[in-house]
Structure formats: C-alpha cells, structure tokens
Amino acid sequence: MRSVIIAANWKMHTVPAEAAGLAATIAARTADPDVMQVICPPFVALAAVRDALAGTGLAVGAQNVHHETTGAYTGEVSAPMLVGLATWVIVGHSERRRDAGETDELIGRKLQRAWDAGLRPILCVGEQLEDREAGRAEAVVDAQLRGALAEVGAGEDARARFAGLVIAYEPVWAIGTGRNARGADAAAMADAIRATLSRLGVADGGSGVPVLYGGSVTAANIAEFLAEPTIDGALVGGASLKPDEMAGIVGRAAVTARARLAVASGNGVT
Ligand code: PGA
C-alpha cells in the first residue's frame, strides 16, 4: 500500500534560526503516524531543522543535489554531503529547470546520485500552460520521465531503486500562482505517469510509486486532490511556511491515510 505523503518545499525562505522554530511548531501541530511528512528547508537550515525535528517522526529533505559526488564545483552540494542532514531530496523542480537550466538527462544523473547515497528522491515533473492548452500535457510529462529515468532503468538494480521513487506532478502554471489544477486532471496525470513508469520497467506497473500533486496546494483545496485514489499526497510550497495551513493539510491527509488503511486492511471503511 502506498503511503500518504506531505512534503514541504520551503524554497529560498527562512534563515537557520527561524527555520528551527518553524519546523518545531509545524511538527507540534501536525505530527501524525499515518502521514509521512518531509520538510525541505534551504541547505543552510538542514542541520537546524534536523535537530528540531528529532524524535517527531517528520523527515528532512534537501531541495536539490549535484549530479556529481565530489569535485571542482564551487558552491554546489553533493549527495554524500547530505547524508546525516537529510533523508529525502527534491530533484528536477521546475524552478531549477527554469533558472538553472536543468535538463532531463542531468536530472537523471541527480537521481542516480541520490539513490547511491541512500536518499529518497521526489522527482518533479509537469507541463507548461501552453502544453496543457495544446493537449500535450501527458506527452510532456512522459518525455520528462523517460529522459530522467531511462538510464536508471537500464541499471541492474533498477527494481530496488525505483522502489523508493516518489513523483511530484507539478503543472508549472499552478506553482505559486494561486491557480491550482483540478483534482480530476491531476488524477488523470497520475494514471499517465504510472503508465510511463510501467513501460520503463517499474515493478508492478508503477502501482507502488506514490504520486503527489503540487501547485498552489492549501488547506482549502487539499481535499480535492486526496479524494482521488491515484493521488498520494502533496508537495506544498507557499502554504508549507504557515503552521495553520500545514495543520489543515496534514489533518486532511490523515483522514485519507486512515481511510485507505481501513480499506487495505479489509474492513471497507472509506
Ligand atoms: P506552491 O509551490 O505550493 O507555492 O505553488 C509548490 C512547489 O513549487 O513545489
């Protein structure tokens, strides 16, 4: 059964001193054993957030990782450097594709490094508005997945690596805009994503891979996404900096998680 996951992407917000307090406040208001939560602060706040979250059950994630393990890459952070600070990492966020020119091939190498270091990656994919309007959304996401995962799929231990994979479907036009996708469209994309994963050789047709929705998620709209059985949670940006919003989002996720657990354990409660 897939976990319900709420991942918080703090982007370039918070300095270490305030990050620790914010993480502790969110943990105190949201910790729930049925919801997997990941807080992804800026690199410089990872240690503070790790310490603040110790013993809460919430995990720590980085927002990016370099595609090499070591070398002359001024200002970069590699996967081995993150070990001990984070257990998750966001890879291929659209803001990095846009601002740092990250390609699918490069993102695939980052995934590889993350897996090699034992970090659990959240791979972000999503179309531009013009792609959706032209009816190309699924083709764009299919190409992103293939571009990032094809090399990984060729590896001998692909099955084991894919086992930890999480996909975040984030339509670019919905990120930070207040204009979220519709739940039904996100659910259709989740089906398309698993179809691609299946073709790439992911075990069980991709049915074990959690697919999150991201893009202007709030406490007010999270229910629309979690009502879709193919959606397993959210990657939350702006709202993840607000404890009230996180309390609402994780609270709703807990309802979904318990309903799904009840169905899985056979008592039919939905
Ligand atoms: P948003 O960001 O929730 O602020 O739209 C989501 C993301 O970029 O992951």
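This is a predicted model: local features need pLDDT of at least 70, side-chain atom pairs count only at pLDDT 80 or more; totals for chains, interfaces and linings use all residues.
Axes here are lines fitted to C-alpha atoms, for helices over the stretch in contact, with angles taken between N-to-C directions.

Helix 1 covers residues 16-30 and helix 2 covers residues 46-53; their axes lie 8 Å apart, and the two pack at an angle of about 30°. Because angles under 35 degrees count as roughly parallel, helix 1 is roughly parallel to helix 2. Their crossing is right-handed.

Which residues make the contact? Helix 1 contributes Pro16, Ala19, Ala20, Ala23, Ala24 and Ala27, while Ala48, Val49, Ala52 and Leu53 come from helix 2.

## Helix 1 against helix 11

Helix 1 also packs against helix 11, which spans residues 243-264. Here the angle is about 35° and the axes are 9 Å apart. The crossing of helix 1 and helix 11 is right-handed.

On the helix 1 side you will find Leu22, Thr25, Ile26, Arg29 and Thr30. They meet Pro243, Asp244, Met246, Ala247 and Val250 of helix 11. How do the residues of this contact divide into nonpolar, polar and charged? The contact of helix 1 with helix 11 has six nonpolar residues, two polar and two charged.

## Around the ligand

Ser216 instead brings a backbone N or O atom to 2.7 Å from an oxygen atom of the ligand. For Gly237, a backbone N or O atom lies 2.9 Å from an oxygen atom of the ligand.

Technical notes
Residues are numbered from 1 along each chain as its sequence is written. Side-chain values use heavy atoms; hydrogens and water are left out. Axes are lines fitted to C-alpha atoms, for helices over the stretch in contact, and angles run from 0 to 180 degrees between N-to-C directions. Helices (H or I, at least four residues) and strands (E, at least two) are DSSP runs, numbered from the N terminus. Angles under 35 degrees count as roughly parallel, over 145 as roughly antiparallel, 65 to 115 as roughly perpendicular and the rest as oblique. A crossing is left-handed if the near helix is turned anticlockwise from the far one by less than a right angle, and right-handed if clockwise. Contact means heavy atoms within 4.5 Å. A polar contact is a pair of N or O atoms within 3.5 Å; within protein, one must be able to donate a hydrogen and the other to accept it, and residues adjacent in sequence count only if both atoms are side-chain atoms. Ala, Val, Leu, Ile, Met, Phe, Trp, Tyr, Cys and Pro count as nonpolar, Asp, Glu, Lys and Arg as charged, and the others, Gly among them, as polar.
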